[in-house]
Amino acid sequence: MKKPLLEVKNLKINFKTYAGLVQAVRGVDFTLYEGETLAIVGESGSGKSVTSNAIMKLIPQPPGIYADGHILFEGKDLIPLSDKEMSKIRGNEIAMIFQDPMTALNPTIRVGKQIMEVILKHKKVSKHEAQERAIELLRQVGIPMPEKRFNQFPHEFSGGMRQRVVIAIALAADPKLLIADEPTTALDVTIQAQILELLKELQKKRKTSIIFITHDLGVVANVADRVAVMYAGQIVEYGTVNDIFYNPKHPYTWGLLGSMPDLNNKSDEKLYAIPGSPPDLTNPPIGDAFAPRNKYALAIDFEKEPPMFKVSDTHYAKTWLLHEYAPKIDVPEPIVRRMERYKKEAELGE
Amino acid sequence: MNSNHKLLEVKNLSQYFGSPSNPIKAVDGISFHIFEGETLGLVGESGSGKSTTGRSIIGLYDITGGEVIFKGKNIHQVKSKKEQKQLKREMQMIFQDPYASLNPRMTAGEIISEGFDIHGMYRNKNERQAKIISLLEAVGLNREHMTRYPHEFSGGQRQRIGIARALSLDPSFIIADEPISALDVSIQAQVVNLLKELQEERNLTYLFIAHDLSMVKYISDRIAVMYRGKIVELGDADEIYHHPIHPYTKSLLSAVPLPDPILERKRKRIPYVHEETPDTAKMHEPLPNHFVYGTDEQVNKWIKQAKL
């Protein structure tokens, strides 16, 4: 049986603002097992980045408030830890890759030194050994001529190469958990594909667990073992990558899948867009937060928040549509059509 | 929808930046045309010159060389103020960043109607009001939004205001420079659907610049692929996607992640190795309306590889 590395339980995070209390994360539960990749998908404001920053304890307090919940890393709750205790975990056992490789690196320090910093802080090694390890890391992340590149500054690297450096820094202390927050969003598709390949390869070698935060479902399909879909500060559906892409149950997941054209969409079919915009979390709606944008919403959606319904052992969704008394609603046609098309292509490819 | 009337013709357009002795060739001698009522998608990675192309066409830069012919007139040679104004009414732009492209001190109504003052249109107050409201409604907003400021809108709504502003002078041609890249996935589909509806209603012609290949494929009739300041391949959207010839196009397409896990596990990325194109390189037309840039030998080699 797989061992859980990280368990997030009923996590609630609020922010005090002039406009009122923003409930950015409203009770998030998930488990991450050793060596797996969990993708968290959602649009901006859904709470996916706040959740990941919370795991790293990077939420500034104030204005942030850890209102409730636990973050158990190898069984130990991170929330009550002091800054000092946390700094032994951060960068060492849990590391993070950020979206923008330019702002994540210090422009005035040579990249080699930035990698060495992490090694020297967390590992008992000599400077010389740290340097050797840093060069080896640069080689592992696919940077040509690592001895020479070691002494260069971030501005001497291209965007994709910079992101490789950021990955090298994140891996420097051999973390058990890697949080990648939109690591490829700022990159061109060809570079994105390279970085995704690199992450998967490194994960295979090192058995690192990865939380991958993104809004791009194509990227999710590429990297994830399991997927959690977030909306308005909550996980509304989670399951294996196949559950989410081939048997989606939540109308929001349908919307996300439908609003993305693929290379086969006929240009005369309309995209399946989700109307409206996400709710204001200073004042979260009563009932199901997605109800006002959901054309399948039931009367109860506006009164009572749905619980997580079990679809299968691996697959859960938070929608009243799964209740036994709910009317039977099928997956919208455009998504079904696409899945059939893919099935055909997959068979053709065999 | 497609007529054979060329609305815009770009001939050998060059746009260099920096010192004349060692220029950066952002756009290096490209030629294409756009038919009336069609959408031409312009794709390429960052730095390929796709945004510069759009900005040069609309006259935001003084072009280094070449011609831009719009409705039969060379737009960089139009001298009279009156004709220049007329051209500007016909050609409008939608920008990428819905936050930076709207003046925070103006209401939505003022933003949309600014062009009316410049062009002396709708001087009658009631008429003007009615036009603003009809524009707001055309983009899915309503009259209440007229007096609000940009910060009161969401990203998707702001982009709608940007679209309403672009439509305010009843243009025939719109350059959309990454109009959806800054928006959330669920909002992207709304805006793309809106752009398509407006095109049908108003017979608009689009130059749609983007790096998101699946969206470009969806919205475009034809696609031009840019690489290092040159158009390397141009053709019907389906043709480009299903039968790419240039190795760069192939590589670009092979890198697009698809929302399908089974296909993703099988997908093999084709790396692109840069090939120098000597001066003898030119546009070839190996298939009807499908253009590829390269030397004779290169193009022959690629066609063999593509098994056409």
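## A tour of two helices and a chain contact

Start in chain B: select helix H5 (residues 155–167) and helix H6 (residues 185–202), which pack with their axes 10 Å apart and at an angle of about 20°. Because of that angle, H5(B) is roughly parallel to H6(B) (a label for angles under 35 degrees). Each axis is a line fitted to C-alpha atoms over the stretch in contact, and angles run from 0 to 180 degrees between N-to-C directions. Helices here are DSSP runs of H or I with at least four residues, numbered from the N terminus.

This is a predicted model, where local features need pLDDT of at least 70 and side-chain atom pairs count only at pLDDT 80 or more, while totals for chains, interfaces and linings use all residues. Residues are numbered from 1 along each chain as its sequence is written, and chains are lettered from A in the order in which they are written.

Next, show the residues that make this helix contact: from H5(B), B:Gly155, B:Gly156, B:Gln159, B:Ile163 and B:Leu167; from H6(B), B:Ile187, B:Gln190, B:Val191, B:Leu194 and B:Leu198. Residues are in contact if their C-beta atoms, placed from the backbone, lie within 7 Å. The set divides into six nonpolar, four polar and no charged residues, with Gly counted as polar.

Now zoom out to both chains: 37 residues of chain A are in contact with 35 residues of chain B. On the chain A side, select helix H9 (217–223), which gives the most, with five residues. That side of chain A holds 18 nonpolar, 13 polar and six charged residues.

Technical notes: Contact = placed C-beta atoms within 7 Å. Parallel < 35°, antiparallel > 145°, perpendicular 65-115°, else oblique.
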